[in-house]
Amino acid sequence: MRQLLLAIAVFLLFFNGASVTKVDGLKPVYVSPEEAKIIKSLAPRDIENHGKIYIKGDYIFVGEKYQGVHIINNSDPRSPENIGFLQIYGNNDIAIKGQTLYADNLTDLVLIDISDIHHAVEIQRVENVYEAGNQNYPENQAYHTYFECVDPEKGVVVGWVREQLIDPKCFTTY
Amino acid sequence: MKAIYIPLIILSVIFIGCTKDSGSDIGGGPNVGGESGKAGSMAKFTISGDNLFIINKHQLKVFDISDPSQLNHTSTLEVNYGIETVFSLNNHLFIGAEDGMYIYDIADANNILYLSRYEHIQSCDPVVANDTLAFITLNSQSSCRWQNGANQLDVIDISNMVYPQLISSLNMQNPKGLGIDSTHVFVCDGSNGVKIFDFSNPSYLQEISGISGIDAYDVIINNKRLYLIGETGLFQYNFENIHQIELLSNILF
């Protein structure tokens, strides 16, 4: 009898656990609208969501999708070194001429002086060069990918991270 | 005599010391360099002379960047279909768009001239070119292709920029970014790594070398160096001997 009760208890526990829908999905990463437009030099970080590459002089720049660019000191090609990160939210592309780096920063095009590679300085911002990007759902995902619905009150979406989501209400329909 | 040499030796030691120490300073160590840099083939920005060209879905925007601290919007060109990549060479601009490759004459940035469109079905793939040939990869997995099964590398004669003509096509498995030097085209072919072809005879590309074991998606070719970005890292190679490509270093992701 006792064993039967235990078995039922275990079964109920299991069943109860299974009724909470936890699925693999994407969660928006928010920053405040002010922070989204701040360009700044940061300490080197790991390359995770790698984007495009660009070479200039002794440097290699590796995009971190929608976050900014990693700066690699390549003066010794046998031993390149990740020396810093340039925060540019919403970024996909850069180009450099002389000491000026041109980059897309969400809807804006920004000019950044990189003559001191560790202390980049924004020198000009041209607003609304780009149409406002999609803020509502993650792009380039498989059909019916679950994601946490976007709440614009929380800020600007600057990326998505994969997480276990509890009972998500949104999913991709494209 | 000795008295002259000793200060010289000391001076040279100091000099060597200086160049070594100033590792993070632009003045002595790594250098950003003077002119513009070089992008991979997936770029949506390109600099040609004093002009920056950027693409935004259906638009090509041109900015005058002759003043390094201030840019000026010169013009905007509307293109019918979504643009994916842009590449410039001398006075020409090559655009990989959903409905083909567009060629523009950009000698006068205030008066950009449309030259031609090479129609290959639904492509928005990267393009690179030299004075007479353009190379495009077509990928069936591409997000802007609706129903085309082609995975190939197209070689196009652009010696007459107004009348581009297909010379040859090569089947690939999962082609992505690409780059060229004077005689070779380097094609990222997904999990097959990089395939290297000699295009001395553009109607018959010869596969002569390659890099395997890397899921490759874009390359930059510069002075016998190959910069490769793949799913697992950033890799640098020396290809002075094309048959014996030497891995210089990698930064793994």
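**Figure 1. The disulfide in chain A.** With 110° about the S-S bond, the bridge between Cys149(A) and Cys170(A) is right-handed. This close-up, like the others here, comes from a predicted model. The two sulfurs sit 2.1 Å apart, and a search through the whole structure turns up 1 disulfide over all chains. Cys149(A) lies in the loop between strand 11 (146-147) and strand 12 (156-166) of chain A, while Cys170(A) belongs to strand 13 (residues 170-171), so the bridge ties together parts that are 21 residues apart in sequence. How accessible is Cys149(A)? Its relative accessibility is 32%, so Cys149(A) counts as partly exposed. Over in chain B, Cys188(B) is buried, at a relative accessible area of 0%.

**Figure 2. Chain A, taken as a whole.** Of the 174 residues in chain A, 44% are buried. Take the contacts between residues at least 6 apart in sequence, and 49% of them link residues at least 24 apart. The accessible surface of chain A is about 9,300 Å², with 55% of it belonging to carbon and sulfur atoms.

Figure 3. Look for Gln67(A) in the loop between strand 4 (59-64) and strand 5 (68-73) of chain A. Is this glutamine, Gln67(A), buried or exposed? Gln67(A) has a relative accessible area of 18%, and the cut-off for buried is under 20%, so Gln67(A) counts as buried. Leaving out neighbours within four places in sequence, its contacts include the run Phe85(A), Leu86(A), Gln87(A), Ile88(A), Tyr89(A), Gly90(A) and Asn91(A). Arg45(A), Val158(A) and Gly159(A) are also in contact with Gln67(A).

Figure 4. Which residues touch the most other members of the largest nonpolar core? Out of 32 residues, they are Phe61(A), Leu86(A), Leu101(A), Ile112(A), Ile114(A) and Leu52(B). Strand 9 (residues 108-113) of chain A supplies the largest share of this core, 4 residues. Zoom in on Leu52(B) and you'll find it touching Ala95(A), Tyr102(A) and Leu109(A) from chain A, with residues up to four places away in sequence not counted. Its contacts within chain B include Phe45(B), Ile47(B), Phe63(B), Ile65(B) and Leu71(B). There is also a second, separate core of 16 residues, with Ile55(B), Val62(B), Leu77(B) and Ile95(B) among them.

**Figure 5. Asn151(B), a buried loop residue.** Asn151(B) is in the loop between strand 11 (133-138) and strand 12 (152-157) of chain B. At a relative accessible area of 16%, Asn151(B) is buried. What does the Asn151(B) side chain reach? It gets to the backbone oxygen of Gln173(B), at 3.4 Å. Besides Gln173(B), Asn151(B) touches Leu170(B), Asn171(B), Met172(B), Asn174(B) and Pro175(B), plus Leu138(B), Asn139(B) and Ser140(B), again not counting residues up to four places away in sequence.

**Figure 6. Chain B, taken as a whole.** Zooming back out, chain B contains 1 helix and 21 strands. Buried residues account for 51% of its 253 residues. Among chain B contacts with a separation of 6 or more, 37% are between residues 24 or more positions apart. Chain B exposes about 11,900 Å², and carbon and sulfur atoms supply 49% of that.

Notes. Residues are numbered from 1 along each chain as its sequence is written. Chains are lettered from A and ligands numbered from 1 in the order in which they are written. This is a predicted model: local features need pLDDT of at least 70, side-chain atom pairs count only at pLDDT 80 or more; totals for chains, interfaces and linings use all residues. Side-chain values use heavy atoms; hydrogens and water are left out. A disulfide is a pair of cysteine sulfur atoms within 2.5 Å. Helices (H or I, at least four residues) and strands (E, at least two) are DSSP runs, numbered from the N terminus. Buried means under 20% relative accessible area, exposed over 50%, partly exposed in between (1.4 Å probe, protein chains only). Contact means heavy atoms within 4.5 Å. Accessible areas come from the Shrake-Rupley method with a 1.4 Å probe; for residues, only the protein chains shown count as cover. A polar contact is a pair of N or O atoms within 3.5 Å; within protein, one must be able to donate a hydrogen and the other to accept it, and residues adjacent in sequence count only if both atoms are side-chain atoms. A nonpolar core is a set of buried Ala, Val, Leu, Ile, Met, Phe, Trp, Tyr and Cys residues joined through side-chain atoms within 4.5 Å.
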